[in-house]
Amino acid sequence: MPRLLADRLADSPAWNRLCDLANRWTEDGSVPAIALQCGTAAESIETICFGRARLDAPERKIDEHTIFLVASITKPLVAMAVMQLVERGQLLLGTRACEIVPEFGRQGTYGITIRHLLTHSSGLPDMLPNNVELRQQRAPLAEFVRGTCAVELEFPTGRNAAYSSMGFVLLGEIFARLTGLALPEFLAREFFQPLGMRDTALGAPDDWFTGPKPTVDRFAEVRVPENMQSGTDWNWNSRYWRQLGAPWGGLLTTPADLGRYARMLLGRGQLDGRRVLAPSTIDIATRNQIELLREIPEEVRRCKPWGLGWRLCWPTHSANFGDLLGPRAFGHWGATGTLLWIDPETARWCAILTTQPQEPDGTYIARLSNLVVAALSEAG
C-alpha cells in the first residue's frame, strides 16, 4: 500500500527544517501564528499549526479550526465567480464596465473592460486616496464604489499592468448589478457550500458573533501595522472590517478550506464529484492574459504575467511565492501574511496563513514556500 503523503513528508529533511523554522519564528515572536497545509490533487496533510491566536495571550494556541483573514487571496476567488458568469453566458471579458455601472463611464474610463479589471491593466489605483478616511468612518462598500467611479486613472487603460484593488471593488459592484445577488451570498452558494468549505465567508455573517461559542472566537488576531494600531474600530481585527466583505480583501477562511479550493482547481473544476467550474474556464484564467496586450511594456508582459485574477509565477522574483515553483504555478498572496499557490505541472498546492503582515516582500512566507516545494519534491 502506498505511504500517505504525511508519512513521506516526515522523512523529508526540508520538511523538518520547515517545522523547525516555523516553530522558532513563532517562539521568538517574529510571526505570531503560522498555519500551513499542502498536498496534491488527491491528498492533503492535516494542518500544521504554530503560535498563538491572540497577540497578548501566548496560551491561546491556534489549531486546525482557526480562521484567518487572508486579505488579497480574496481576489482570485472573486475572479473565478466572475468567470463562472462568463462560462454561463451572462458576461463577456470584453464587456465594458460602464455598460453595467453607467456612472463609471466618464472620460478616460469608457474603454475599461472586465478583462482589464481582472488583469490589473485598467489603470485604476490600488487604493483610493481617502481609503483610510473611509475606513475610519466605517463606510459601507457603496462608498468605495462611488470613490472608484470618480478616481483618476494612474495610466491609460491597457498600457501597463499595475496592481489594483479598486478594480475588484468595481467587479463586486458589476457582479451584484448583473445577478441581483450579493457577492458573499453567491460565493457561499456556488462555491463554498458545494466544495465543503464550511469555515469560509466573504465577510463574517452576523451569526458568527452570537451563541455560547461564537465563531469569532476562532479568529486569529493580526499584528496590524503601526498606522492601524489606533484603529481598533476599523483595522483588520475590527468587527467592521471582518464583516465588510471587501471583494479585494475580506475573505475569512482556514488552510483546510483553501486546500479544498486548490484541489478543485487541480481537479479541473471538480472536487468529490461536485463540479463548480468548467475545465476551459480554469485553463483560460490561469494563462498569461497580458502577453497579447501589445501596448503593455514587453518586460512586464514577459516577467510579470497575470492570469484572470491569478498572479502567475514571476521569474527572478522571490517575493511571497519564493524561488522554487515551476513556470505554470499560479496563486496569490495577502497583505496580512498569507499565501496560496497551485502548481498544475506537479499537481501540488500549498496554503500558508500567518498573522504577520509582510509587505512588500513576503520574506517569511517566501522562505516557507521554498521549504514546502523542496519537501514535496523530496516526498515524491
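Modeller: We will go through cores, rings, a sheet and a helix. This is a predicted model, where local features need pLDDT of at least 70 and side-chain atom pairs count only at pLDDT 80 or more, while totals for chains, interfaces and linings use all residues. Residues are numbered from 1 along each chain as its sequence is written, and side-chain values use heavy atoms, with hydrogens and water left out.

Biologist: Which residues touch the most other members of the largest nonpolar core?

Modeller: First the idea. A nonpolar core is a set of buried Ala, Val, Leu, Ile, Met, Phe, Trp, Tyr and Cys residues joined through side-chain atoms within 4.5 Å. Buried means under 20% relative accessible area, exposed means over 50%, and partly exposed is in between (1.4 Å probe, protein chains only). Here the largest core has 92 residues. Leu118, Phe144, Phe191, Tyr261, Met264, Trp310 and Ile342 touch the most other members. Helix 3 (residues 74-87) gives the largest share, 8 residues. Helices (H or I, at least four residues) and strands (E, at least two) are DSSP runs, numbered from the N terminus. A second, separate core has 39 residues, among them Ala14 and Ile365.

Biologist: What does tryptophan 310 touch?

Modeller: Contact means heavy atoms within 4.5 Å. Setting aside residues up to four places away in sequence, tryptophan 310 touches Pro76, Met80, Tyr261, Leu265, Ala285, Thr286, Phe330, Gly331, Leu340 and Ile342.

Biologist: How many aromatic pairs are there?

Modeller: Rings of Phe, Tyr and Trp (its six-membered ring) pair if their centres lie within 6.5 Å; planes under 30 degrees apart count as stacked, over 60 as edge-to-face and the rest as tilted. A search of the whole structure finds 12 pairs. One of them joins tryptophan 25 and tyrosine 364, edge-to-face, with 4.7 Å centre to centre and 85° between the planes. Tryptophan 25 is in helix 2 (residues 13-28) and tyrosine 364 in helix 13 (residues 363-379), 339 residues apart.

Biologist: Is tyrosine 364 buried or partly exposed?

Modeller: Tyrosine 364 is partly exposed, at 26% relative accessible area. Tryptophan 25 is buried, at 4%. Rings also form a cluster: pairs link Phe144, Tyr240, Trp241 and Trp248.

Biologist: Which charged end sits over the ring of phenylalanine 321?

Modeller: A charge sits over a ring if NZ of Lys or CZ of Arg is within 6 Å of the ring centre and within 35 degrees of the ring normal. Over phenylalanine 321 it is arginine 311, 4.0 Å from the ring centre. Arginine 239 lies over the face of phenylalanine 209, at 3.9 Å.

Biologist: In what order do the strands of the open sheet run?

Modeller: Strands of a sheet pair through backbone hydrogen bonds, either parallel or antiparallel. Two strands pair if DSSP finds at least two bridges between them. Here 3 strands form an open sheet in the order 4-6-5, with antiparallel pairing. Strand 4 (68-69) and strand 5 are the edges, each pairing on one side only. Strand 5 and strand 6 (residues 251-253) share 2 bridges. Alanine 201 stands opposite leucine 252 in strand 6.

Biologist: Why do we say that the buried residues of helix 6 line one face?

Modeller: Look down the axis. The arc is that of the directions from the helix axis to the C-beta atoms. The buried residues of helix 6 (residues 141-150) are Phe144, Val145, Thr148 and Cys149. They fall within an arc of 140°, so they line one face of the helix. On the other side, Arg146 and Ala150 are exposed. The buried residues pack against helix 5 (131-136), helix 7 (166-179) and helix 9.
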